[in-house]
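I opened my notebook to get to know a new structure. Come along while I look things up one by one.

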Amino acid sequence: MSIATAMLLLVRTSSTTATLQRIAVIAIAVIVFALVFELVRQRALMERYALLWLFAAVALVVLAIWRGLLTSLAGDLGIYTPANALFAAGFVFVIVLLLHFSLVISRLSEQNKTLAQRLALLDERTERLTEVSAESDVRTSPAAQRTRAAGKR
Amino acid sequence: MNRYLAIVPAYNEVGAIAATIAEIRAAAPDFDVLVIDDGSTDDTAAHAHAAGARVVALPFNLGIGAAVQSGYIYAREHGYEVAVQVDGDGQHDPRDIPRLLEALRADPDTHLVTGSRFLGLAEGHRSTRTRRLGIVLFARIVSLLTHQRVTDPTSGFRMTDRRGIELFASNYPTDYPEVEAIVLAHSCALHTRELAVAMRPRTSGRSRISGTVSVYYLVKVLLAVTVSALRAGPVLEPGSLPESVRS
């Protein structure tokens with residue numbers, strides 16, 4: 001959410017170059033940075049996924065500080081409005097991210113399935129072994145031996 | 001312990017499971033019965049256990065493919081020579097099991113036998129009209145891919161030998177597995193054949209496939225079959241596979 005706000009601010013910055021707005025963009029990037037950092041610290045977010053967001057925040061800061069980078073990049077790509085270049089880049093970033101998550105989910109489902117199957121098969125084995133050992137316990141328990149001895153007599 | 005195993009996948013089949021197990025035990029006494037309880041919310045597992053079956057209870061619903069695969073893993077690990085899949089809802093008639101076994105044993109080159117409701121005998125339950133249309137479409141595609149006539153690729157009434165058990169234990173399709181499994185078997189050079197059987201209307205539970213789900217089913221299976229045909233490279237004739245895969 002905050003990244004989207006920062007993108008909007010950045011778009012306006014490139015046309016008006018107001019210092020205040022650039023400061024705002026940097027502030028938002030710093031907040032994103034801090035938030036991601038805190039989530040990693042709390043072990044809520046894994047480092048490998050945090051890197052993506054940190055990279056996005058750094059990109060924002062660079063664009064805010066480096067006056068004219070966005071405009072010249074857009075010009076090189078043949079995009080008239082720097083805003084559109086920014087949106088296109090953001091769009092590609094999100095698409096790649098989604099594909100990446102689909103891959104991760106597929107792998108996790110597969111591993112989840114294998115784990116569930118293993119668990120169920122082990123469960124069945126444990127139950128069967130418990131039944132068998134319960135039977136042999138009955139046979140070898142002192143009570144059972146007494147009964148058998150009594151039977152012999 | 002028997003050398004043969006009947007794999008019965010069941011999801012909330014409390015009304016039919018005990019009868020199915022009793023039927024299998026009566027019709028095919030050489031088979032151990034293994035019920036895979038696919039995370040049922042009713043007492044399917046308890047009923048199956050009481051009816052004298054072994055029960056592998058999955059911790060939550062994994063879908064028919066993963067459930068059946070659990071059965072094949074079980075068969076592989078316990079050294080069963082033959083495994084047959086029988087639905088827990090009473091659609092498959094266990095009295096056909098000895099016939100399937102005979103067909104599997106008759107030809108040493110046959111590794112998988114499917115009970116087909118569209119072959120020969122014009123009796124029994126043959127499903128609704130739209131569903132039949134879908135089955136015919138799949139049958140055409142699978143026949144094309146496998147270079148042999150397949151009439152009922154969606155039938156889950158199947159028997160396979162050690163090679164099939166090992167293949168399916170290590171690799172079995174998930175969502176709607178029957179059609180894909182046939183193509184998979186063929187691309188791994190397992191020769192398959194069909195045997196005419198009569199199916200019965202299910203006595204409990206309901207079909208997984210209805211309404212909009214059937215559109216997803218159609219598209220998903222078409223995609224999966226195409227991909228698995230591509231994955232295996234050109235579809236191989238039985239016997240033309242390298243030793244490593246044939247083992």
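My entries below go from one chain to the contact and then to the other chain.

**Ground rules.** I am reading a predicted model, where local features need pLDDT of at least 70, side-chain atom pairs count only at pLDDT 80 or more, and totals for chains, interfaces and linings use all residues. Residues are numbered from 1 along each chain as its sequence is written, chains are lettered from A and ligands numbered from 1 in the order in which they are written, and side-chain values use heavy atoms, with hydrogens and water left out.

**Chain A, overall.** I looked up the secondary structure and found 6 helices and 0 strands in chain A. Helices (H or I, at least four residues) and strands (E, at least two) are DSSP runs, numbered from the N terminus. Along the sequence I read the pattern α-α-α-α-α-α. Of the 153 residues in chain A, 25% are buried; buried means under 20% relative accessible area, exposed over 50%, and partly exposed in between, with a 1.4 Å probe and protein chains only. The accessible surface of chain A is about 10,900 Å², and 70% of that belongs to carbon and sulfur atoms. Such areas come from the Shrake-Rupley method with a 1.4 Å probe, and for residues only the protein chains shown count as cover.

**A nonpolar patch.** Which residues form a nonpolar patch on the surface? I noted A:F33, A:F37, A:V58, A:V62 and A:W66, with about 500 Å² of accessible area together. A patch takes residues with over 30% relative accessible area and no salt bridge, joining like charges within 9 Å and nonpolar side chains (Val, Leu, Ile, Met, Phe, Trp, Tyr) within 5 Å. Helices α2 (19-41) and α3 (47-65) of chain A each supply at least two of the patch residues. I checked A:V58, which sits in helix α3 of chain A and is partly exposed at a relative accessible area of 41%.

**Where the chains meet.** The contact (heavy atoms within 4.5 Å) takes 18 residues from chain B and 13 residues from chain A. About 1,200 Å² is buried between the two chains, 57% of it from carbon and sulfur atoms; this is the accessible area (1.4 Å probe) that two parts lose on being put together, summed over both. I counted 1 salt bridge between chain B and chain A, meaning a side-chain nitrogen of Lys or Arg within 4 Å of a carboxyl oxygen of Asp or Glu. Its partners are A:R118 and B:E77, at 3.1 Å from N to O.

**Aromatic pairs.** Rings of Phe, Tyr and Trp (its six-membered ring) pair if their centres lie within 6.5 Å; planes under 30 degrees apart are stacked, over 60 edge-to-face, the rest tilted. I get 8 aromatic pairs over all chains. The ring centres of B:Y4 and B:F31 are 5.2 Å apart with planes at 40°, so this pair is tilted. B:Y4 lies in strand β1 (residues 4-10) and B:F31 in strand β2 (residues 31-37) of chain B, so the pair ties together parts 27 residues apart in sequence. Both B:Y4 and B:F31 are buried. B:F168 and B:Y172 pair edge-to-face, 5.1 Å centre to centre with 85° between the planes. With B:Y72, they form one aromatic cluster.

**Helix α6 of chain B.** In this helix (residues 162-170), I find B:G164, B:I165, B:L167, B:F168 and B:A169 buried. Their cover includes α3 (64-77), β5 (110-116) and α7 (177-187) of chain B.
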